[in-house]
Protein chains: 2
Amino acid sequence: MTSHPSLSLSGERFTAVYELSCGGAEAEARARDICLEQTVEFPEDLIPRQEIRDQIVGRIASLEPLGTDRFRTVIEYPVEAAGGELTQLVNVLFGNISIKPGVRLVRFELPDSLLAGYRGPRFGQAGLRERVGVRHRPLLCTAIKPMGLSPEELAELTYRLALGGIDLIKDDHGLADQPFCRFGPRVERCGDAVHRANSQTGLSCLYLPNVTGPSDRIMDRARQAKQAGAGGLLFSPGLAGLDAMRCLADDDDLSLPILSHPAFQGPFTMRTGEGISHGALYGQLNRLAGADAAIFPNYGGRFSFTEQECRDIVDGCTRPMGAMRPIFPVPAGGMSVQRAPELCEFYGRDSILLVGGDLHRHGPDLTENCRRFVQLVEQAAGQG
Amino acid sequence: MTSHPSLSLSGERFTAVYELSCGGAEAEARARDICLEQTVEFPEDLIPRQEIRDQIVGRIASLEPLGTDRFRTVIEYPVEAAGGELTQLVNVLFGNISIKPGVRLVRFELPDSLLAGYRGPRFGQAGLRERVGVRHRPLLCTAIKPMGLSPEELAELTYRLALGGIDLIKDDHGLADQPFCRFGPRVERCGDAVHRANSQTGLSCLYLPNVTGPSDRIMDRARQAKQAGAGGLLFSPGLAGLDAMRCLADDDDLSLPILSHPAFQGPFTMRTGEGISHGALYGQLNRLAGADAAIFPNYGGRFSFTEQECRDIVDGCTRPMGAMRPIFPVPAGGMSVQRAPELCEFYGRDSILLVGGDLHRHGPDLTENCRRFVQLVEQAAGQG
């Protein structure tokens with residue numbers, strides 16, 4: 001080996017909590033394996049210098065049984081290993097280990113020095129409330145759909161939904177730049193529609209177009225959306241990358257609230273002993289990547305999340321993470337207007353209730369259906 | 001509703017094959033659910049126009065039992081739904097459905113009209129062989145590591161590995177832009193080292209630095225890498241997005257082979273009845289996104305893929321996909337030099353064998369260890 005400068009790292013560490021599914025005899029070796037796999041990825045006995053062993057390799061801070069063949073371990077990694085970038089932070093937390101069975105990332109804690117490298121949510125709960133001018137109840141969100149409608153038809157829907165008092169109107173996440181509904185004309189017309197409605201209602205409904213798309217077009221689409229009067233953005237980090245969302249959130253010229261959509265992220269939370277916890281994925285990672293609100297499938301809808309898993313997401317959206325703002329949980333996925341009181345009760349006022357198709361089910365007057373939805377939520381939140 | 005132009009889609013469809021885990025009574029409803037969820041995401045009875053039902057909604061082409069409580073269904077989607085972009089194609093294939101239990105994306109088939117929108121691998125097997133000048137045996141790959149070494153030390157490793165006849169030397173995927181080993185100095189020195197070795201050996205070893213990183217820095221890093229003499233790029237699409245890899249592959253000025261790393265993609269293939277098949281994820285999707293070679297954990301290493309799953313990856317890397325080039329499978333993950341003959345037998349000559357730490361285990365002379373590895377593979381490939 002050539003001569004080398006001493007590593008002299010700060011000694012500061014960030015921690016990840018993992019659950020392990022294995023027998024007691026294996027647990028310590030499994031925890032130790034994570035320490036190596038997520039850092040040096042090299043046989044321990046071949047690590048060329050003691051300072052790498054001491055300063056780079058992860059360190060087991062604790063290892064405790066959770067029940068039969070289940071353990072919880074806390075691993076500490078040097079902040080420098082995460083290199084000041086989200087992709088590498090996620091890589092250290094769960095890159096290679098994601099491929100090994102029986103390891104679940106449950107939570108992570110970053111010291112202020114590491115958090116300082118991330119702006120996180122630009123608006124968060126308080127900022128988004130301010131933008132829509134709603135203080136004391138859950139915000140109400142819906143999507144314009146179905147795919148196959150023209151920009152004019154989607155704009156008409158946007159107008160009628162905004163007129164009914166919905167706070168946030170997002171593109172369905174499957175609306176991209178299809179030949180039958182181009183991104184440009186869609187955002188132009190829907191942006192106009194929401195402003196037309198707002199000027200009639202005096203409200204501040206936001207239109208959030210979907211800017212998930214080719215890596216080299218995302219920022220252009222977001223700028224085009226803002227130009228057209230969009231009040232926020234919809235983005236699917238599972239499809240286009242968490243860090244691409246961070247770029248949108250960090251852009252000072254753009255300065256728009258971001259609603260994160262869970263498309264393509266399902267396998268991460270599918271099994272309890274593997275993947276990433278609901279709270280860490282939909283809460284903590286979304287937040288670190290700058291989302292102001294995180295859509296997820298509510299319990300009892302078309303999907304299969306449990307009440308406990310939904311609570312975990314609320315926790316990830318709101319638990320202390322340095323100075324990072326809390327963000328809104330957005331339960332969705334086949335929600336109905338009738339469930340509004342129950343959801344208000346379960347999530348409290350600091351949530352966004354997203355109802356899609358069901359708004360269209362309560363009679364032909366969409367605007368009237370929205371008004372009923374708003375009323376129901378205001379009543380449930382004690383404002384009725 | 002306002003007046004609207006007719007949809008008049010081409011009628012061309014792409015297909016996705018899914019496996020369903022459910023009872024026989026449910027199977028058809030589950031398949032139908034995919035048709036709706038992945039396109040209109042709207043209650044069927046509320047779809048506002050018949051042409052949307054006919055032209056946009058997915059269509060069940062077949063549904064067959066596979067065994068007890070398992071079914072295989074082929075769903076056809078309109079090519080226009082995928083909108084000419086990879087993010088939306090992936091969204092239609094497995095966006096929301098990824099969140100529902102008991103659905104696995106097994107394979108997909110795109111018609112030429114859709115494939116025409118994707119360049120795919122710029123080099124593929126033949127092009128990469130040409131770059132390294134190796135015709136009749138598997139290519140040999142290794143990684144420079146562990147994290148914690150300085151750019152100078154990594155360059156020294158690169159030099160010794162290249163001198164020993166390794167074809168492809170990649171950064172360990174955990175080398176990003178850490179303070180103890182900055183991206184710039186690393187690629188400068190390692191680029192120099194590989195050229196120095198090549199001028200001595202007359203070989204064409206390639207150095208492939210890791211350009212996985214912040215969304216807005218990836219292209220800069222790739223250009224910087226090329227400038228420094230890198231002969232290819234390492235990229236983790238699970239961390240930074242499949243479409244970001246496509247951007248790298250499509251860039252004519254860059255024009256560098258891309259090696260895809262599986263970090264953070266583990267949960268997709270973890271369970272047989274859910275997620276995405278190994279072949280579709282590591283083979284087809286990597287290929288569509290422009291990778292020339294796909295790293296995956298080989299059977300019998302540190303990870304848990306089976307022989308059958310590895311064969312499925314080979315299939316996804318090489319099966320006909322229009323005019324798209326076949327790419328190299330790169331079995332890795334704790335491989336040993338001694339297993340080279342077995343791997344040559346299993347994967348045949350059209351593979352890249354990636355051995356990391358084990359190269360360091362066979363005596364202090366790394367260059368000599370590499371030569372032995374090359375020799376072993378040449379013998380196994382019938383060239384000894």
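Predicted model: local features only at pLDDT ≥ 70, side-chain atom pairs only at ≥ 80, totals over all residues.
Visitor: How many residues does each chain bring to the contact?
Guide: Chain A gives 74 residues and chain B gives 74 residues. Two residues are in contact if their C-beta atoms, placed from the backbone, lie within 7 Å.

Visitor: Which helices of chain A supply at least two residues each to the side that touches chain B?
Guide: They are α3 (86-94), α6 (151-163), α9 (237-240), α10 (242-250) and α11 (266-269) of chain A. The largest share, six residues, comes from α3(A). Helices (H or I, at least four residues) and strands (E, at least two) are DSSP runs, numbered from the N terminus.

Visitor: And how do the residues on that side of chain A divide?
Guide: There are 35 nonpolar, 24 polar and 15 charged residues on the side of chain A that touches chain B. Here Ala, Val, Leu, Ile, Met, Phe, Trp, Tyr, Cys and Pro count as nonpolar, Asp, Glu, Lys and Arg as charged, and the others, Gly among them, as polar.

Visitor: Turning to chain B, why is helix α12 largely enclosed?
Guide: Helix α12 (residues 278-288) of chain B is largely enclosed by the rest of the structure because 11 of its 11 residues are buried. A residue is buried if 20 or more other C-beta atoms lie within 10 Å of its own, exposed if 12 or fewer, and partly exposed in between, with C-beta atoms placed from the backbone. Among the buried residues of α12(B) are B:H278, B:Y282 and B:R287.

Visitor: What follows α12(B)?
Guide: B:G290 follows α12(B), and the phi of B:G290 is positive, near 95°.

Visitor: Which residues touch the most other members of the largest nonpolar core?
Guide: Of its 250 residues, A:L233, A:V330, B:L233 and B:V330 do. A nonpolar core is a set of buried Ala, Val, Leu, Ile, Met, Phe, Trp, Tyr and Cys residues joined through C-beta atoms within 7 Å.

Visitor: What is A:V330 in contact with?
Guide: Leaving aside neighbours within four places in sequence, A:V330 contacts residues including A:C141, A:L259, A:F296 and A:L354.

Visitor: How do α14 and α15 of chain A cross?
Guide: The axes of α14 (residues 340-347) and α15 (residues 366-380) of chain A come within 9 Å and cross at roughly 40°. Axes are lines fitted to C-alpha atoms, for helices over the stretch in contact, and angles run from 0 to 180 degrees between N-to-C directions. The two helices, α14(A) and α15(A), are therefore oblique to each other; angles under 35 degrees count as roughly parallel, over 145 as roughly antiparallel, 65 to 115 as roughly perpendicular and the rest as oblique.

Visitor: Which residues meet there?
Guide: A:A340, A:P341 and A:C344 in α14(A) meet A:F373, A:L376, A:V377 and A:A380 in α15(A). That contact has seven nonpolar residues, no polar and no charged.

Visitor: What about α3 and α10 of chain B?
Guide: The axes of α3 (residues 86-94) and α10 (residues 242-250) of chain B come within 9 Å and cross at roughly 145°. B:L86, B:T87 and B:V90 in α3(B) meet B:L242, B:D243 and B:R246 in α10(B). This contact of α3(B) with α10(B) holds three nonpolar, one polar and two charged residues.

Visitor: Where are the cis peptide bonds?
Guide: One joins A:K145 and A:P146, with omega about 5°, and another joins B:K145 and B:P146, with omega about 5°. A:P146 sits in the loop between β5 (139-144) and α6 of chain A.

Visitor: Is A:D69 buried, exposed or partly exposed?
Guide: A:D69 is partly exposed, with 15 other C-beta atoms within 10 Å. Phi of A:D69 is near 55°, a positive value in a residue other than glycine, and A:D69 lies in the loop between β2 (59-67) and β3 (70-78) of chain A.

Visitor: Last one: what does B:Q265 touch?
Guide: Not counting residues up to four places away in sequence, B:Q265 touches A:S98, B:G238 and B:L281. B:Q265 is buried, with 26 other C-beta atoms within 10 Å.

Methods: Residues numbered from 1 in each chain as written. Chains lettered and ligands numbered in written order.
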